[in-house]
Amino acid sequence: MDTTVTTGSEDSVWGGGNRPLNASYGKMMMWFFIVSDALTFSGFLVSYGFSRFKFIETWPIADEVFTHVPFFHGNYPMIYVAFMTFILIMSSVTMVLAVDAGHKMKKNAVIWYMFATIIGGAIFVGSQAWEWATFIKGDYGALETKGGRIIQFVNAETGERAALRDFSKALPEDRIKHENNAGIWYQADGYKTSFSLNEVVEGFKASPNILIRTETINEEGEKTLLTRQESLAKLKDVTQVVEGANLIHNEYGSRLFADFFFFITGFHGFHVFSGVLINIIIFFNVILGTYEKRGHYEMVEKVGLYWHFVDLVWVFVFTFFYLV
Amino acid sequence: MAHEHKLEIFRGLVKFKSNIQKIWGVLIFLTIVTLIEVGLGIVKPEVLTKNYFLGMKLLNWIFIILTLVKAYYIAWDFMHLRDEKSALRRAIVWTPIFLVCYLIFILLFEADYIYNVFKDGFLAWDF
């Protein structure tokens, strides 16, 4: 029997059943998915970079766009996004603790850590929804010019942004509703602003302390402020009032900025949302004892990988959308 | 399933006694990095915004480098890449890095070209 090889390495190499990478099939597939998803997100972020480099001199400054914190008034750039980042990292930590508890077969610990992870994810998605709502609503309002550029208003005395409601004049005018019978082409008008263009323009002419701020970024890294004379001249080019943001107009500046905001944070938020759903499924499986019966908690590890990936993507979105 | 965890970070500078301790250690590190980023983003020191390296503000370089540092620790410690076989780790890490670098190079150069066309090409768009 000396010559018989039973467990020799050379014979079984091609016989299947060995794991050169020491990872199970499911885990490897999760990694493959993550790599391809990472490339998708890279595509989005790089195309954001493309548009930004294309309009490098007029791109909105993120600090001036995302300045709100729920339940607080005032100007707090970055604070809330930093909080969201921390929440997501924290839920990543509870996830990795759940994986660790799973390795040790501690069912109750896995349940509680999964629960904390789900709560963290829910807080994050909720925060993102709030951030979207704030962004869509807008706060100061602006005018759009013939070339599609945005002009904003600044109070010359305080140096702070002036909202349209601060200086617009209420004129005795009726907004004529465009109706079906008035023309061959009927277009439902959905976009309504709180002031008409005329009211804003007249209000601007009547208040000498209001100046126009253009999209162009000057050498100090701030938006260019026009003098009163230049402002009045600039006012001849305006075509409409813009309040808040949608995919076609936004009061913050370049239209592409809002498009990418909705697209990238939306796609990421969708990932977080589906991550929460998957976590809930796994959470109930843990409670039911599915993995206890199976003898290992590898499923928790696999969804953990996905969850950490979502966190990883947010780290990049945070940098490229809010910081840089 | 591999239960062994490598318990040192910063190339062995900091060693942890258990995996749970390492997780909290990494969280503290990531929190500090995020706080530095947010602090710099709010203060915006002039030294960092007035000086450029390869056409980008020093501040932005710091942000990007800190982001990569955070990404490294999330992938290595939370996603357990530190404990995987090096072949798997390399396949996962270098494939996207190579492709993304290529994409960044192509698209940012193209964008800069278009920026110059808009600027010098007798084309009015800012009106």
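Start with S1 and S2 of chain A: the two strands run antiparallel and are joined by two bridges. Strands here, like helices, are DSSP runs numbered from the N terminus, with at least two residues (E) for a strand and at least four (H or I) for a helix. Two strands pair if DSSP finds at least two bridges between them.

Before going further, note that this is a predicted model, in which local features need pLDDT of at least 70, side-chain atom pairs count only at pLDDT 80 or more, and totals for chains, interfaces and linings use all residues. Residues are numbered from 1 along each chain as its sequence is written, while chains are lettered from A and ligands numbered from 1 in the order in which they are written. The model scores ipTM 0.90 and pTM 0.88.

**Stop 1: the hairpin**

Select Leu143(A). Opposite this residue, in S2(A), stands Ile151(A). Now pick Gly148(A), in the hairpin of S1(A) and S2(A). Four residues lie between the strands, and Gly148(A) has a positive phi near 80°.

Colour S2(A), residues 150-155, by burial. Five of its six residues are buried, so the strand is mostly covered. A residue is buried if 20 or more other C-beta atoms lie within 10 Å of its own, exposed if 12 or fewer, and partly exposed in between; the C-beta atoms are placed from the backbone.

**Stop 2: the whole sheet**

Asn155(A) stands opposite Ile210(A) in S3(A).

Next select S1(A), residues 142-145, with S5(A). They pair in the antiparallel sense over four bridges. Ala142(A) has Val242(A) as its bridge partner in S5(A).

Show all the strands together. In what order do the five strands of the open sheet run? The order is S4-S3-S2-S1-S5 in chain A, with antiparallel pairing. S4 (223-225) and S5 (238-242) of chain A stand at the edges; each has a single partner strand, so one side of each is left without a neighbour in the sheet. From one strand to the next, the twist averages 40°.

Axes are lines fitted to C-alpha atoms, for helices over the stretch in contact, and angles run from 0 to 180 degrees between N-to-C directions.

**Stop 3: Glu243(A) and the way to H9(A)**

Select Glu243(A), in the loop between S5 and H9 of chain A. Is this residue buried or exposed? Glu243(A) is buried, because 22 other C-beta atoms lie within 10 Å. Leaving out residues up to four places away in sequence, Glu243(A) touches Gly138(A), Gly141(A), Thr193(A), Ser194(A) and Glu251(A). Contact is set by C-beta atoms, placed from the backbone, that lie within 7 Å.

Follow H9(A), residues 255-288. Its 34 residues should span 50 Å at 1.5 Å a residue, and the end C-alpha atoms are 49 Å apart, which agrees. The expected span is 1.5 Å times one less than the number of residues. Just after H9(A), Gly289(A) takes a positive phi of about 85°.

**Stop 4**

Most residues other than glycine have a negative phi. Select Met78(A), in the loop between H3 (62-65) and H4 of chain A. Met78(A) is not a glycine, yet its phi is positive, about 75°. With 21 C-beta neighbours inside 10 Å, Met78(A) counts as buried.

Switch to chain B. Its mean pLDDT (the predictor's confidence in each residue, from 0 to 100) is 88, and 98% of its residues reach 70 or more. Pick Lys44(B), between H1 (19-43) and H2 (46-50) of chain B. Its phi is positive too, near 50°. Lys44(B) is partly exposed, with 13 other C-beta atoms within 10 Å.

**Stop 5: where the chains meet**

Show both chains. The contact takes 45 residues from chain A and 46 residues from chain B. On the chain A side, H2 (25-54), H4 (79-103) and H11 (298-323) each supply at least two residues. H2(A) gives the largest share, twelve residues.

End on H11(A). Of its 26 residues, 24 are buried, so the helix is largely enclosed by the rest of the structure.

Conventions:
Contact = placed C-beta atoms within 7 Å.
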